[in-house]
Amino acid sequence: MKAAVVEKKGASAKFKIKELVSPSIKNGQVLIRNYASSVNPIDVMVQNGKSLLSSAGFSDQVIGSDFCGKVIQSRSRLFKEGDEVYGMLAALKGGAYAEELAVDASQVALKPQKLSYLEAAVIPLVGLTAYQALFKVGRLQGKENVLITGCTGGVGSAAVQLASTIDCHISGLCSEQHRSYAKSIGCDVVIDYQNQRIPSGARFDLIFDAAGMYTYSDLKHHLNEQGLFVTTRGEMNTLKGLVKTAVDVVFEPNMKFVFVKPKANDLRALRDIIERGDLKLHIEKVFNLGQLTEALSMKQKGGFVGKIAVDIGG
Ligand SMILES: NC(=O)c1ccc[n+]([C@@H]2O[C@H](COP(=O)([O-])OP(=O)(O)OC[C@H]3O[C@@H](n4cnc5c(N)ncnc54)[C@H](OP(=O)(O)O)[C@@H]3O)[C@@H](O)[C@H]2O)c1
């Protein structure tokens, strides 16, 4: 089977298509012919040598998290050959930029029928992150006042659509150029983070820092008394932010992290929402497996809404 292998070259890395041995499956696993994947920020971090994974000195590593394809062999009673499925591999382990994947059946769900392979493949990692942040960590019930940072990115645009399903009032932070897209997916109020401030009197039941650009201290004055701040990252890109976030996690009970988990139950919940027509992510561009270096470069540059999909063919 073909896979896009990261070839380490100094501090950065490039991809090369290689022929690898097909994975074998254990009891409880399925072998999936993977037709599609997507690009996530974690992939760019690995490529740039900015994650623990890439500093571990690997060679010939296959990265990538999201997958969508067909079961071609099953050692689980949950799935049979021919089932169309979607899901994500553990983000730091990766492995999805490949034609065949051995996956625990407990981390796989039937693909939403309403979507193509490519449309379904852009959902798992960001959709699960948003779902778990809002409903598991953030404990949203419905009709809350919510602020979502990075509301037009992968995680953020999924979060806006999910919060809309339970009639939350949604304020979203994004750049001015993406204002109309933010409105179109369900933001009631859009704040341009470069030129505007969150109104000083605004108070939220939940602030979901989907962008991962803020600390609890930055935004705590915008929380209601019982309000929660949930972040994907905290402001970990600066030393000052890292220290502030570490202190907040220890001392602030209203500050929470979300660490996405590849849970089949949550994938099924997302599928139901998708089948009702309430969740679909914009695909800005589709690259094939041989174009991953360009795909990750586009992701790193940013400036677009939604996701980049990867067509693995088949
Ligand atoms: N903890 C976890 O389990 C987990 C899981 C998934 C992702 N993540 C992390 O979550 C973050 C977001 O992931 P993603 O896939 O949604 O990335 P993404 O698609 O690149 O979206 C990031 C968004 O953030 C916006 N943004 C940039 N600077 C901002 C600022 N100062 N204030 C508000 N918004 C800002 C961008 O908007 P504009 O384009 O309009 O500038 C963009 O829409 C990444 O750091 C990723 O590593 C963590």
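Val122 lies in the loop between α3 (117-121) and α4, in a model that is predicted.

**Exercise 1.** Determine whether Val122 is buried or exposed, and list which residues it is in contact with once its neighbours within four places in sequence are left aside.

*Solution.* Begin with the count around the side chain: Val122 has 31 other C-beta atoms within 10 Å, and since a residue is called buried at 20 or more, Val122 is buried. Next, set aside the neighbours within four places in sequence, which leaves contacts of Val122 with Ser38, Asp66, Leu281, Ile283, Lys307 and Ala309. Finally, take the pair Val122 and Gly154, which are 32 residues apart in sequence but 8.4 Å apart in space, C-alpha to C-alpha.

**Exercise 2.** Work out how many of the residues of α4 are buried, and what covers them.

*Solution.* Ten of the 14 residues of α4 are buried, so this helix is largely enclosed by the rest of the structure. By name, the buried residues of α4 are Pro124, Leu125, Val126, Gly127, Leu128, Thr129, Ala130, Tyr131, Ala133 and Leu134. The cover over them includes the strands β5 (66-74), β6 (84-88), β12 (204-209) and β13 (223-231), together with the helices α5 and α9 (264-275). After α4 comes Arg139, which has a positive phi, near 55°.

**Exercise 3.** Find where the buried residues of α10 fall when the helix is seen down its axis.

*Solution.* In α10, which covers residues 292-301, the buried residues are Leu292, Ala295, Leu296 and Lys299. Seen down the axis of α10, these buried residues fall within an arc of 95°, and therefore they line one face of the helix. Following α10 is Gly302, whose phi is positive, near 70°.

**Exercise 4.** Describe the domains of the chain and what kinds of residue make up the side of domain 1 that touches domain 2.

*Solution.* The domain assignment gives domain 1 (2-123 + 281-311) and domain 2 (126-257). Their C-alpha centres lie 27 Å apart, and eight residues of domain 1 are in contact with nine residues of domain 2. On the side of domain 1 that touches domain 2, the residues divide into four nonpolar, three polar and one charged.

**Exercise 5.** Check what radius of gyration a compact globule with 314 residues would have, and how the protein chain agrees with it.

*Solution.* A compact globule with 314 residues would have a radius of gyration near 20 Å, and the protein chain, with 19 Å, agrees. Along the principal axes, the C-alpha atoms fill a box of roughly 60 × 45 × 35 Å. The protein chain has ten helices and 16 strands, and 47% of its 314 residues count as buried. Turning to contacts between residues at least 6 apart in sequence, 67% join residues at least 24 apart.

Note on methods: Residues numbered from 1 in each chain as written. Predicted model: local features only at pLDDT ≥ 70, side-chain atom pairs only at ≥ 80, totals over all residues. Helix = DSSP H or I, 4+ residues; strand = E, 2+ residues; numbered from the N terminus. Rg over C-alpha atoms; globule rule 2.2 N^0.38 Å. Buried ≥ 20, exposed ≤ 12 C-beta atoms within 10 Å, placed from the backbone. Contact = placed C-beta atoms within 7 Å. Arc of directions from axis to C-beta. Domains from an automatic or database assignment. Nonpolar A, V, L, I, M, F, W, Y, C, P; charged D, E, K, R; others polar.
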